[in-house]
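Today I want to go through the charged side chains in this one. I'll start with what counts as a pair, then note where the partners sit.

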Amino acid sequence: MSTFTSKELHASATTTITSTALETLRRDFDGDIIEPDDAKYESASRSVLASGHPAYVLRPEHGEDVQAAVCFAANARLVLSVRGGGHSFPGFGTNDGGVVIDLSKLATVEIIDHDRHLVWISGGATWGQVASALAPHDLAISAGDTRSVGVGGLTLTGGIGWKVRKYGLALDNVVAAEVVTASGAVVQASAEENPELFWALRGGGGNFGIVTAFTYAAHPTTAVFSGKIAFPASEAANVLQGWADYLRTAPDELTSNVEFANPFAGGPDAPVEISVVFDGDDPARAAQAIDPIRMLGTVIADHIAMIPYEDVLVDGMTPPPGFQVVTRSAFVDTDSVAAVLQILAEVGASERSPFIAVRSVGGAVSRVPADATAYAHRQAELMFVTTTVGPNPVVAAARPALDAIWERLAPHVNGAYANFLTSATEEDVTAIYPPATYQRLAAVKRQYDPGNLFARNHNIRPQ
Ligand SMILES: Cc1cc2nc3c(=O)[nH]c(=O)nc-3n(C[C@H](O)[C@H](O)[C@H](O)COP(=O)(O)OP(=O)(O)OC[C@H]3O[C@@H](n4cnc5c(N)ncnc54)[C@H](O)[C@@H]3O)c2cc1C
């Protein structure tokens, strides 16, 4: 008589469940089912910043396919990754041994109401596809800075883009969503239908299901004034403080970021680059808004030009294999701005500095009531990100210095921006979601995903 270990019994049970689930999938699914022996597997298995070895990559053709794919992952009891544009820093868009639902074929962008500028966007579209589709209609949606970033991932946890101070986060412009939940059901979410789910989707990430379509209220756009003004590294402290002071009174049409200590441009000697987008095509008003930035120090480069809004977005880059990108982020409230910028300026002047980017938020973001959405950091004046990039050993060696920088910053910063966070620990989830937000999200999670099928994210646990 043969005996089996519990591990073997489990493996055999899983195989049976999977083959039954697979038969059903092959019957019901019109899209691509990519397995490791498929020629498309190598590129399909990886997301932009992570490699993985999933058992199945499924590329749905339409909403019914998404339902079939979700039911397959649930019935096969396999780890599930949902991939939109594939840019998640922790590599949520792939896994080992599980299922990836890759939404890239769902990329429709359609204006459904010209008077109200309502735009229906499938859950796998990228912001470049959106910008290109809306440009001929002189419309835009404030989103990120990169064409290849996905509408889904960026929107579901925030969306800090080039018109953020005028129109708020990408999620502030969502008016409805269509979601396939863990049971495979299609659920509509808006202020009128399932409002609690609608609240949770705007900040709670991919925890509640797959958004097959978003409806956004787009805004009319003209060409914009955009570009960079650079200052010497030695003036970093003054330039940073002056920039933050000015942004408090600057018009909402002006959105601005500062980047410094860029390791590819001289590290501690790299110029301090202030990027701006002035949302308008009136040269006099643009100059009035941008000139105070030119007064902040010794201008060593000034490249501001009027360009179509679509051209503000840049193309993303895929790092070479073996390269790691480690991002960490935090928010800064008004009282702490001076202290944080002073520390960042000092850090930026040291040889071991990460690349530092500071984004001014405020404006329209802070005018949305704190409990209107699950994005919990409305009061912040700034959000900043440190990024370390390089071959794995280089990034590992930089770790202690990075941890020391963050320890120094800790008393002055709060929270974390989920979209710029390579790690996904309990601590990170607590930083993203303060207790009241988390508890409310957990109640929604219990309703729509009680078994935690959607767990490859900054995870809200149902229990
Ligand atoms: C080069 C680069 C530039 C960036 N610029 C900005 C920026 O300017 N502003 C900003 O705010 N952020 C920015 N980000 C961060 C970006 O918003 C996040 O990395 C985001 O997660 C990427 O979304 P994605 O759909 O491309 O990623 P994916 O890896 O495909 O998705 C990330 C996660 O989102 C969820 N998800 C995605 N689509 C769906 C969907 N349709 N339904 C349900 N869940 C879904 C899933 O949980 C998934 O695992 C940038 C990132 C990079 C790499």
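My working rule: a salt bridge is a side-chain nitrogen of Lys or Arg within 4 Å of a carboxyl oxygen of Asp or Glu. I'm working on a predicted model, where local features need pLDDT of at least 70, side-chain atom pairs count only at pLDDT 80 or more, and totals for chains, interfaces and linings use all residues. Residues are numbered from 1 along each chain as its sequence is written, and side-chain values use heavy atoms, with hydrogens and water left out.

**Entry 1.** I looked up arginine 461 and found its side chain in a salt bridge with glutamate 426, 3.0 Å from N to O. Glutamate 426 belongs to helix 13 (residues 426-432) and arginine 461 to the segment after helix 14 (435-448), so this pair ties together parts 35 residues apart in sequence. Helices here are DSSP runs (H or I, at least four residues), as are strands (E, at least two), numbered from the N terminus. Glutamate 426 is exposed at 52% relative accessible area, and arginine 461 is partly exposed at 43%. The cut-offs are under 20% for buried, over 50% for exposed and partly exposed in between (1.4 Å probe, protein chains only).

**Entry 2.** Next I checked aspartate 252, which bridges to arginine 367 with the closest N and O atoms 2.6 Å apart. This pair links distant parts of the chain, 115 residues apart: the loop between helix 8 (236-249) and strand 13 (254-260) holds aspartate 252, and helix 11 (residues 363-367) holds arginine 367. Aspartate 252 is partly exposed at 22%, while arginine 367 is exposed at 56%.

**Entry 3.** How many salt bridges does the whole structure have? My search gave 26. I also noted a network of them linking Asp32, Lys40, Glu61 and Lys105.
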